[in-house]
Amino acid sequence: MVVYCGVFILASLVAAFLTKAVRDIAVRFGLALGPISSRHIHKSPIPRLGGIAIYLTCVIMSIIYWVAIRVGWVHHAKTLLIAIMIPATALFAVGLIDDLRGLKPVIKLFAQIVGGASLYFSGFRFEFLQTSNQHLTVCISFCVTIGFVVLLSNAINLIDGLDGLAAGAALFSMVTIFTFAFANGRHGTALAVATLAGANLGFLVFNFNPASIFLGDSGSLCIGFCLSAIVLSESTKQSDPLRSILVPIIALALPLTDLVLTIIRRYLSGHSIFGADREHIHHKLLELGLSQRQVIAILYSASATCAVLSLALMFPSRLIMIPVVAIFLLVLFFGIRHLNYKEFVEVERLALKLRLQKQASASNIALRKSVAVLENSRTLPDIADALEVCLQSDFDGFKIILEPGHWFTILADDIPTRVLEKAWSANVQDKIVVTMDLIAPRHGKIGRLSIDRDASQRLLVDSWILQAELRHSLSLALQRCIIAMPTDLSSADTITAARRVARLRSN
């Protein structure tokens, strides 16, 4: 443990010295940048080259460790950090170019994929997914390994939006990973994590709010890549690979959650997943009126909580996984709900629609059956009864008004009328009225149908069935009951003519 503490302290001192030097040089040569988009929080020019200090710290510590092995000061055959610094150098270089000149997101994604592939062929891979087909197993392992590297690299990169957030969140996860590696006797992994954690802490001295230097893509990509390589290394050495994966994933829950939320909400909004916006978790907390330091305190607390939960998984019994994962998911769910993402209102609506789909199908089937009954109706009472059966599950009543010159013949009462209406739900305060024109092949437009419903209730029936099938069947049924009368007849003559036609029909 003394060796790890010494490495951690030395890395912190080296990183602090290099960070100050990089900051001063960047300011002197005009490499500090002001806000270049609305998503940037800072107002004054600040260098975005903190990744140089972290990368150089890891390189220097790797050289020191290699020399110590050569002269016999330490007896470890190798350190994990030396093995991953070569592919990490490529990611750092790509990030540095992006910080200085800017790169397309596709180029950075390609570099991450190449870095993930290099880790796979170097022996850093997920091997817990076994199938009966060896080629399929290799393919799955290769894709999952690269996907994990890309996921974690971008997760650290995306959360780098507030002073000290990305480096601090990564530091909390490193505590968990170090403890896990140390407890299992993985001294090379523990040494690599101690070095990376020290580099982060030395940089954080100058990155806390108000920050005088930012991590930049060079730093976030390098840290994310190194962390993914460390997790992959541990997964190949554990007898329980599930635990070796869950521990770091829960420890890194904050950046991973922000990444997954970003992909989902940008997809739902129809925006490019490679774009930039002000909808990340830290942005949403700022919108609630919190200061940067308050947001950092909340997110650090969340990271610390996730670190403690992940450490609970180190116990040998798998039963501990159930409450830990359950608590983690509950905290995650309720935390996201309080961020008030508008995109997820649509997700809730879709979930509700799926739950109500069975009821909607039942309403549609009942409506279609009633429409079939309506097609055979030949009197107004039959039409009224059929309409009530059609509409009673989703509506509160209906009203049919004929155009002038067309009259109903009601055989039961022997009285002509232009209005047919019925209501079966009373005291509806807030109503929505749907009106449709009724068009019969023989007479053209013969009137209109108005159906009303409670505005607070969801409409389950398919509106297309109402607009097409119900309207068509109702028009044909009314056509069989219509008497066309001249508009200039007196009321008495109209009643007499209607009764005469009614008697003819009844015969």
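**Notes on the predicted model**

1. Leaving aside neighbours within four places in sequence, Ser475 is in contact with Leu438, Ile439, Ala440 and Ile446. This is a predicted model, and the contacts should be read as such. Ser475 lies in helix α16, which covers residues 463–481. Is Ser475 buried or exposed? Ser475 counts as buried because its relative accessibility is 2%, and the cut-off for buried is under 20%. A polar atom of the Ser475 side chain lies 2.8 Å from the backbone oxygen of Arg471.

2. Ser62 is placed in helix α2. With a relative accessibility of 9%, Ser62 counts as buried. A polar atom of its side chain lies 2.8 Å from the backbone oxygen of Cys58. Which residues does Ser62 touch, not counting those up to four places away in sequence? They are Leu81, Ile82 and Met85. Ala83 is 21 residues from Ser62 along the chain, and the two C-alpha atoms are separated by 9.4 Å.

3. Thr145 sits in helix α5, residues 134–158. Its relative accessible area is 0%, so Thr145 is buried. The side chain of Thr145 reaches the backbone oxygen of Ser141 at 2.7 Å. Apart from neighbours within four places in sequence, the contacts of Thr145 are with Gly116, Tyr120, Phe124, Arg125, Phe126 and Leu232.

4. Helix α2 runs over residues 50–71 and has 22 residues. From first C-alpha to last it reaches 32 Å, close to the 32 Å expected at 1.5 Å a residue. Besides Ser62, the buried residues of α2 include Gly50, Gly51, Ile54, Cys58, Met61 and Tyr65. What do the buried residues of α2 pack against? Their partners are α1, α3 (80–100), α7 and α8 (216–235).

5. Two of those partners, α1 and α7, also meet each other. The axes of α1 (residues 2–28) and α7 (residues 187–207) come within 7 Å and cross at roughly 35°. The crossing of α1 past α7 is right-handed. On the α1 side, the contact is made by residues including Val3, Tyr4, Val7, Phe8, Ala11, Ala15 and Arg23. On the α7 side, the residues include His187, Leu191, Ala194, Gly198, Leu201, Gly202 and Phe206. By class, this contact has 15 nonpolar, six polar and two charged residues.

6. Why does the length of α12 agree with expectation? Helix α12 covers residues 292–312, and its 21 residues should span 30 Å at 1.5 Å a residue; the end C-alpha atoms are 30 Å apart, so the two agree. Among the buried residues of α12 are Val295, Ile296, Leu299, Tyr300, Ser303 and Cys306. An α-helix has 3.6 residues a turn, so residues three or four places apart point the same way. The buried residues of α12 also include Ala307, Leu309, Ser310 and Ala312.

7. For the protein as a whole, there are 17 helices and six strands. Of the 507 residues, 46% count as buried. Taking contacts with a separation of 6 or more, 72% are accounted for by residues 24 or more positions apart.

Notes:
Residues are numbered from 1 along each chain as its sequence is written. This is a predicted model: local features need pLDDT of at least 70, side-chain atom pairs count only at pLDDT 80 or more; totals for chains, interfaces and linings use all residues. Side-chain values use heavy atoms; hydrogens and water are left out. Helices (H or I, at least four residues) and strands (E, at least two) are DSSP runs, numbered from the N terminus. Buried means under 20% relative accessible area, exposed over 50%, partly exposed in between (1.4 Å probe, protein chains only). A polar contact is a pair of N or O atoms within 3.5 Å; within protein, one must be able to donate a hydrogen and the other to accept it, and residues adjacent in sequence count only if both atoms are side-chain atoms. Contact means heavy atoms within 4.5 Å. Axes are lines fitted to C-alpha atoms, for helices over the stretch in contact, and angles run from 0 to 180 degrees between N-to-C directions. A crossing is left-handed if the near helix is turned anticlockwise from the far one by less than a right angle, and right-handed if clockwise. Ala, Val, Leu, Ile, Met, Phe, Trp, Tyr, Cys and Pro count as nonpolar, Asp, Glu, Lys and Arg as charged, and the others, Gly among them, as polar. The expected span of a helix is 1.5 Å times one less than its number of residues.
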